[in-house]
Amino acid sequence: MMSKSLKKIFLSLSIALPFLIYCVYYYGMMIKNAPYKFSEFEYVVFQYGNGDSLVNKYDSRTGEYQYLNAHDSLVKKHLHLNNDDLLLLHRAAADMGFWNFPAIEVNDSLKKKGVVSPHYFIEFSYKRKSKTVLYDAGFDGDPKLKDANEELIKQIQKVLGDAEGREIK
């Protein structure tokens, strides 16, 4: 005959242990088959500008970077992002939930009124999958989604600015 404490331990283990094994198996497979792994990362593309004119561009494949400076002059340069920069962008996209963003986040009603707001195009490409998002700063959808987009854009701009600062030195 088992004592009460032994029965409780046996009952706990018979429920908790299979659950724990299932969780390890399930989440292990989920992580292993994740479509957006940094080890499969290929490139990131970031473009922005007012309205449909995405004149400011960066492509990590080629390193081509062009933007309008404060004097409205188009500056073209080669800007290399190192592995740490790309990992930071990958993690920022994952933290913001970029993979779940809708592909198009624009405010058509503003466009019809003639209001020109900044647009941002972001693309993360991996060996098996890629994700692109076109975001309008005048987007009037879910505020959490809008905040996540703006935070990711700030992070990308910060990484590009930091990389540009390293090259100047």
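Glu 164 is a buried residue in this predicted model, with a relative accessible area of 14%. That value puts Glu 164 in the buried class because the class takes in everything under 20%. Even so, Glu 164 has a charged partner: Lys 77 forms a salt bridge with Glu 164, and their closest N and O atoms are 2.6 Å apart. If you trace the chain between the two, you will see that this pair links distant parts of it. Lys 77 belongs to strand 4 (residues 74–78), Glu 164 belongs to helix 4 (residues 143–168), and 87 residues separate them.

The side chain of Arg 166 meets that of Asp 85 in a salt bridge, at 2.4 Å from N to O. Here too, distant parts of the chain are linked: Asp 85 sits in helix 2 (residues 83–96) and Arg 166 in helix 4, 81 residues apart. Asp 85 is buried, with 8% relative accessibility, whereas Arg 166 is partly exposed at 40%.

Lys 158 and Asp 162 meet through their side chains at 2.9 Å, N to O. About one helical turn separates these residues, because they are four residues apart in helix 4. Lys 158 is partly exposed at 48% relative accessible area, and Asp 162 is partly exposed at 37%. Elsewhere, Lys 37, Glu 40 and Arg 128 are joined in a network of salt bridges. The whole structure contains seven salt bridges.

Now turn to strand 6 (residues 118–126), where you will find His 119. Is His 119 buried or exposed? With 10% relative accessibility, His 119 is buried. Leaving aside residues up to four places away in sequence, His 119 touches Gln 47, Tyr 48, Gly 49, Gly 51, Leu 54, Val 106, Leu 134, Tyr 135 and Asp 136.

Finally, go back to the start of the chain. Met 2 lies in the segment before helix 1 (4–32) and is partly exposed, with a relative accessible area of 41%. Met 2 belongs to a nonpolar patch on the surface, together with Leu 6, Ile 9, Phe 10, Leu 13, Leu 17, Leu 20, Ile 21 and Val 24. Together, the residues of this patch have about 910 Å² of accessible area.

Technical notes. Residues numbered from 1 in each chain as written. Predicted model: local features only at pLDDT ≥ 70, side-chain atom pairs only at ≥ 80, totals over all residues. Heavy atoms only, no water. Buried < 20%, exposed > 50% of the residue type's maximum accessible area, 1.4 Å probe, protein only. Contact = heavy atoms within 4.5 Å. Patch = residues over 30% accessible without salt bridge, like charges linked within 9 Å, V, L, I, M, F, W, Y side chains within 5 Å. Areas by Shrake-Rupley, 256 points an atom, 1.4 Å probe, with all protein chains shown as cover. Salt bridge = Lys/Arg side-chain N within 4 Å of Asp/Glu carboxyl O.
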